[in-house]
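Subject: Structure handover

Hi,

Here is the structure I said I would pass on. Please load it before you read the notes.

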Amino acid sequence: MKKRLSLIVLILLLTGCNSDFSFSEISIGNANDAVQEFIEYAEVKNGNYLYLDGEKNMYVFINGIYVNQGNDAVYFSDFNISAQQDTLNVFINQEYDSDYSNTKLKYQVLYKIKTVEKYDTINLFINGKPVSFDEIFGNEQLIVYEM
């Protein structure tokens with residue numbers, strides 16, 4: 001609990017009153033056609049995905065819907081971002097539950113990040129640890145990078 005509280009405090013300090021970006025969780029069904037096409041491609045396996053729309057919006061899709069027998073289900077409980085100069089940091093809390101049928105848990109999440117600035121670097125942190133995006137997509141071509 002102390003680690004989680006420390007992470008939240010750190011995020012709040014780093015974020016401050018910055019209005020260069022905003023983010024919100026959106027329903028996959030409410031996403032535009034290009035984003036839905038990206039999700040159709042990405043949702044076939046668990047992972048962390050980034051979609052850049054070429055404007056100043058980006059989408060983070062985190063998929064944990066597939067559970068291996070004998071393992072706990074992965075779900076996502078928190079999302080936050082902070083910016084430092086030309087770097088955008090994305091923070092996600094990932095948790096586990098043995099109740100696979102709990103429909104209140106978020107096994108797949110889609111977040112839209114609206115930015116004013118363009119960022120040279122986008123870092124992803126899950127439970128405070130740096131991880132890579134599994135794939136990065138853009139609206140010009142479907143697959144941009146595989147990590």
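Some ground rules. This is a predicted model, where local features need pLDDT of at least 70, side-chain atom pairs count only at pLDDT 80 or more, and totals for chains, interfaces and linings use all residues. Residues are numbered from 1 along each chain as its sequence is written, and side-chain values use heavy atoms, with hydrogens and water left out.

Overall fold

The chain holds 2 helices and 10 strands. Helices (H or I, at least four residues) and strands (E, at least two) are DSSP runs, numbered from the N terminus. In order from the N terminus, the elements read α-β-α-β-β-β-β-β-β-β-β-β. Of the 147 residues, 39% are buried. Here buried means under 20% relative accessible area, exposed means over 50%, and partly exposed is in between (1.4 Å probe, protein chains only).

The accessible surface of the chain is about 8,900 Å², and carbon and sulfur atoms account for 49% of it. Areas come from the Shrake-Rupley method with a 1.4 Å probe; for residues, only the protein chains shown count as cover. As for contacts (heavy atoms within 4.5 Å), take those between residues at least 6 apart in sequence: 63% join residues at least 24 apart.

Two strands count as paired if DSSP finds at least two bridges between them.

Strand 4 (residues 73-84) and strand 5 (residues 87-97) run antiparallel and are joined by 11 bridges. One of the bridge pairs is Ala73 with Asp97 in strand 5. Strand 4 is mostly covered, with 9 of its 12 residues buried. Further along the sheet, strand 7 (residues 121-126) pairs with strand 8 in the antiparallel sense over 3 bridges. There, Ile126 has Lys129 of strand 8 as its bridge partner.

Two turns deserve a check. The hairpin of strand 4 and strand 5 has 2 residues between the strands. Gln85 sits in that loop, with a positive phi near 55° in a residue other than glycine. Gln85 is exposed, at 81% relative accessible area. Asn127, in the loop between strand 7 and strand 8, is not a glycine either and has a positive phi of about 55°. Asn127 is partly exposed at 38%.

Cores

A nonpolar core is a set of buried Ala, Val, Leu, Ile, Met, Phe, Trp, Tyr and Cys residues joined through side-chain atoms within 4.5 Å. The largest one has 21 residues, and those with the most contacts inside it are Val60, Phe79, Ile81, Leu88, Val90, Ile92 and Ile113. Two or more residues each come from strand 3 (57-63), strand 4, strand 5, strand 6 (108-115) and strand 7. Strand 4 gives the largest share, 5 residues. A second, separate core has 11 residues, among them Ala42, Phe61, Leu110 and Phe137.

Thr87

Thr87 lies in strand 5 and is buried, at 16% relative accessible area. Neighbours within four places in sequence aside, Thr87 is in contact with Ser82, Tyr119, Thr121 and Asn123.

Salt bridges

The rule asks for a side-chain nitrogen of Lys or Arg within 4 Å of a carboxyl oxygen of Asp or Glu. That gives 2 salt bridges.

- Glu25 with Lys106: the closest N and O atoms are 2.8 Å apart. Glu25 is in strand 1 (residues 21-25) and Lys106 in the loop between strand 5 and strand 6, 81 residues apart. Glu25 is partly exposed at 38%, and Lys106 is partly exposed at 35%.
- Glu135 with Lys45: the closest N and O atoms are 3.6 Å apart. Glu135 is in strand 9 (residues 135-138) and Lys45 in the loop between helix 2 (33-42) and strand 2 (47-52), so the pair ties together parts 90 residues apart in sequence. Glu135 is buried at 3%, whereas Lys45 is partly exposed at 44%.

Best regards
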